[in-house]
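Here is a brief report on selected local features. Please read it alongside the sequence and the 3D view.

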Amino acid sequence: MDDSTKRILQRLIRRIPYQMLQTVLGKWAHLSREDLHSLDFTQPKWVLTERLLALCEEKGLTVKHITELEMIYIIENPNQGMWHGFQLLDAEEDAPSIELTQFKEQFKANLTELISHVSIKIKKHTDEAIWIRVAWGDNFTKPNHLKPTYVVHHLQTPYVFVTGVTSKHKPLLNQALVLATRYGSMKDAHLSGRNLIAIRDLLMRQYQQVFPTKHPKPLQEKNPVPRNPNIEKEQAENTENRLQMACEAFGDGTLPQLQKAVYKLETKFRDNSNKTLTGRGEPFRGVVEFASTNLLESLRHCVSSGMASTPVTPLLSSITQKGRNYFVITDKGV
């Protein structure tokens, strides 16, 4: 095992939390049960790492085997970086019938034709998602396994999720994905976050939606607060309507744990009392960001509790209706 492979393994072991290490190693096909029993998981991590390095060297493991271990860890713990959602457009007739073997062959062939030094690993997860790991090199350097790109794609859907891709390699990756999936193009969905499951559920509409109705029925509140009987009748209709509109805008039940929404303003400044800014020819620019551990849950609560006005502004309801969390607001609209 050469020095670069040792560095990749050492770096990977440092990333994996100690309490997860035994489980992750147990799923790796290159350590036997006897090998696992020989490892003392009560020792300091650096001691365990040295023992693991020696085991891997005895077995003659290569960078190919180490990247398999990394994929196991990342698939089980995907919230390791910033994920970006993309949507495939203009499907060809045979796009819905693409199978895994065909996709793998086409993707590898297309990408290796575009760039000579590249390492590609593809693995199907239990939820039918296709996980792709790409380590990039160029025409003169070997692939850099310390900074890989990860791609998640569900076959027969037009959605792709990517993390760790640079602006240099993004066009190459997009072209390889478009050709392998039998689509015409791919666009940025303007949806990103560290929680892969959240942006996947939001973009693919995998959460409980509530649709508008002309005769709204009161939705059951999760934790109803005792009310004064004398004012309960007066407030009932407003409370029901607020809750209905909140769920129509953001969904019901458990919501995707989106962590932020960003609004970039590029509009003309309008305030008659400020002639300096109003008279400027160029647009007024600014950025507004909403952040929370669960933004959709927070917004739904604000609307249903009366903290935010109703009906819900399209600027907020567009997060779920359009499946995105990055918006550019101009004088022509969003």
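The backbone nitrogen of alanine 198 lies 3.0 Å from a polar atom of the side chain of asparagine 195. This is a predicted model, in which local features need pLDDT of at least 70, side-chain atom pairs count only at pLDDT 80 or more, and totals for chains, interfaces and linings use all residues. Residues are numbered from 1 along each chain as its sequence is written, and side-chain values use heavy atoms, with hydrogens and water left out.

**Asparagine 195**

Asparagine 195 sits in the loop between β6 (183–193) and α8 (196–203). Its side chain has these polar partners (N or O atoms within 3.5 Å; within protein, one able to donate a hydrogen and the other to accept it; residues adjacent in sequence count only if both atoms are side-chain atoms).

| Backbone nitrogen | Distance to a polar atom of the asparagine 195 side chain |
|---|---|
| Isoleucine 197 | 3.2 Å |
| Alanine 198 | 3.0 Å |

Asparagine 195 counts as buried because its relative accessibility is 13%; the cut-off is under 20% relative accessible area, with a 1.4 Å probe and protein chains only. Leaving out residues up to four places away in sequence, asparagine 195 touches Asn79 and Gln257 (heavy atoms within 4.5 Å).

**Helix α11**

Helices are DSSP runs (H or I, at least four residues). In α11 (residues 295–304), the buried residues are Leu295, Leu296, Leu299, Arg300, Val303 and Ser304. Seen down the axis of α11, they fall within an arc of 160°, so they line one face of the helix. The arc is taken from the directions from the helix axis to the C-beta atoms. Just after α11, glycine 306 takes a positive phi of about 90°.

Definitions and conventions
Buried < 20%, exposed > 50% of the residue type's maximum accessible area, 1.4 Å probe, protein only. Helix = DSSP H or I, 4+ residues; strand = E, 2+ residues; numbered from the N terminus.
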